[in-house]
Amino acid sequence: MGKIQEKKNALIEKLHQEMELHGGIMKTSELYELPMDYRKIQQFVEEGIIERVKNGYYSIGFADKSEETMISGLFPDGVLCLETALYYHGYLETRPACWQIAIDKNTSKSRFKMDYPPVQPYYLEPDILMTGAEEFPLGEGKMFLYNKERLICDCLKFEEKLEREVLQQSLRKYIDEPEKDVQKLLEYAKLRKVTQKMQNRIGVWL
């Protein structure tokens with residue numbers, strides 16, 4: 001085996017290791033650090049060693065990965081919210097077809113220009129984005145998910161985005177939660193400016 005091939009094999013091995021560390025998806029800037037230049041990236045795409053997921057993002061075997069792994073790899077800085085979060089908290093039986101993700105309003109809108117998996121971003125102020133967000137395993141990676149108190153407040157704030165039955169069912173399930181944190185719920189309600197809605201909808205049951 002020639003030195004050029006040995007060098008290439010070593011790079012491919014390192015690429016596989018780094019892909020695993022990054023949840024199966026890497027940005028162009030991360031590939032540059034391996035180091036790979038633009039020409040090498042294009043060569044590897046043409047040879048089928050890596051695949052271009054979308055502009056600026058590359059993967060190995062992306063088409064074979066689950067939606068969960070794709071989402072955690074593409075949006076590690078986002079927070080699952082609304083119906084998607086309701087599903088992962090067990091409030092909905094079926095995961096919505098579209099992934100609802102809260103994201104810093106200053107992030108590039110182009111990140112969400114993709115056909116699959118379908119994603120619906122909610123752009124929030126950075127100072128409130130991570131309030132109530134908790135990390136949990138998703139697919140082969142990790143993702144953030146709003147806790148139940150923050151989630152209920154956001155559902156009230158964006159109630160026009162939810163089906164009436166979904167909202168009512170979620171409020172009832174939260175009321176029945178044995179480990180709900182009412183104090184935290186009230187704090188988040190004030191933060192999200194839904195205190196009156198909260199009192200009107202479920203205040204009497206808390």
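Buried, as used in these legends for a predicted model, means under 20% relative accessible area.

Figure 1. Cys 155 is in no disulfide either, the nearest cysteine sulfur being that of Cys 81, 8.7 Å away. Cys 155 is likewise buried, at 1% relative accessible area. A disulfide would require two cysteine sulfur atoms within 2.5 Å, and a search of the whole structure finds 0 disulfides.

**Figure 2. Packing of helix 1 against helix 3.** Two packed helices are described by the angle between their axes and the distance between the axes. Helix 1 (residues 3–21) and helix 3 (residues 38–46) pack at an angle of about 85°, and their axes are 13 Å apart. The two helices are therefore roughly perpendicular to each other. Helix 1 contributes Lys 8, Leu 11, Ile 12 and Leu 15 to the contact, and helix 3 contributes Lys 40, Gln 43 and Phe 44.

**Figure 3. Surroundings of Arg 192.** Arg 192 is placed in the loop between helix 9 (182–191) and helix 10 (195–201). With 4% relative accessibility, Arg 192 counts as buried. Leaving aside residues up to four places away in sequence, Arg 192 touches Leu 124, Ile 128, Arg 150, Cys 153, Asp 154, Lys 157 and Phe 158.

Figure 4. Strand 3 (residues 57–59) contains Ser 59, whose relative accessibility of 0% makes it count as buried. Ser 59 and Ile 25 are separated by 34 residues in sequence, but their C-alpha atoms are 4.6 Å apart in space. When residues up to four places away in sequence are not counted, the contacts of Ser 59 are Met 19, Gly 24, Ile 25, Ile 50, Glu 51, Val 53 and Lys 65.

**Figure 5. Salt bridge between Lys 105 and Glu 125**. The closest N and O atoms of the pair are 3.0 Å apart. Distant parts of the chain are linked here: Lys 105 lies in the loop between strand 5 (99–104) and strand 6 (119–124), and Glu 125 in the loop between strand 6 and helix 6 (126–129), 20 residues apart. Both residues are partly exposed, Lys 105 at 37% relative accessibility and Glu 125 at 38% relative accessible area.

**Figure 6. Salt bridges of Glu 159 with Lys 197** **and Arg 201**. In the bridge to Lys 197, the closest N and O atoms are 3.0 Å apart. This pair joins Glu 159, in the loop between helix 7 (148–157) and helix 8 (164–175), to Lys 197 in helix 10, 38 residues apart. The side chains of Glu 159 and Arg 201 meet at 2.6 Å, N to O. Arg 201 also belongs to helix 10, and 42 residues separate it from Glu 159. Relative accessibility is 22% for Glu 159 and 33% for Arg 201, while Lys 197 has a relative accessible area of 30%; Glu 159, Arg 201 and Lys 197 are each partly exposed.

**Figure 7. Salt-bridge network of Glu 67, Glu 68 and Arg 95**. These residues are linked in a network of salt bridges. The whole structure contains 11 salt bridges.

Technical notes: Residues numbered from 1 in each chain as written. Predicted model: local features only at pLDDT ≥ 70, side-chain atom pairs only at ≥ 80, totals over all residues. Heavy atoms only, no water. Buried < 20%, exposed > 50% of the residue type's maximum accessible area, 1.4 Å probe, protein only. Axes fitted to C-alpha atoms, helices over the stretch in contact; angles between N-to-C directions. Helix = DSSP H or I, 4+ residues; strand = E, 2+ residues; numbered from the N terminus. Parallel < 35°, antiparallel > 145°, perpendicular 65-115°, else oblique. Contact = heavy atoms within 4.5 Å. Salt bridge = Lys/Arg side-chain N within 4 Å of Asp/Glu carboxyl O.
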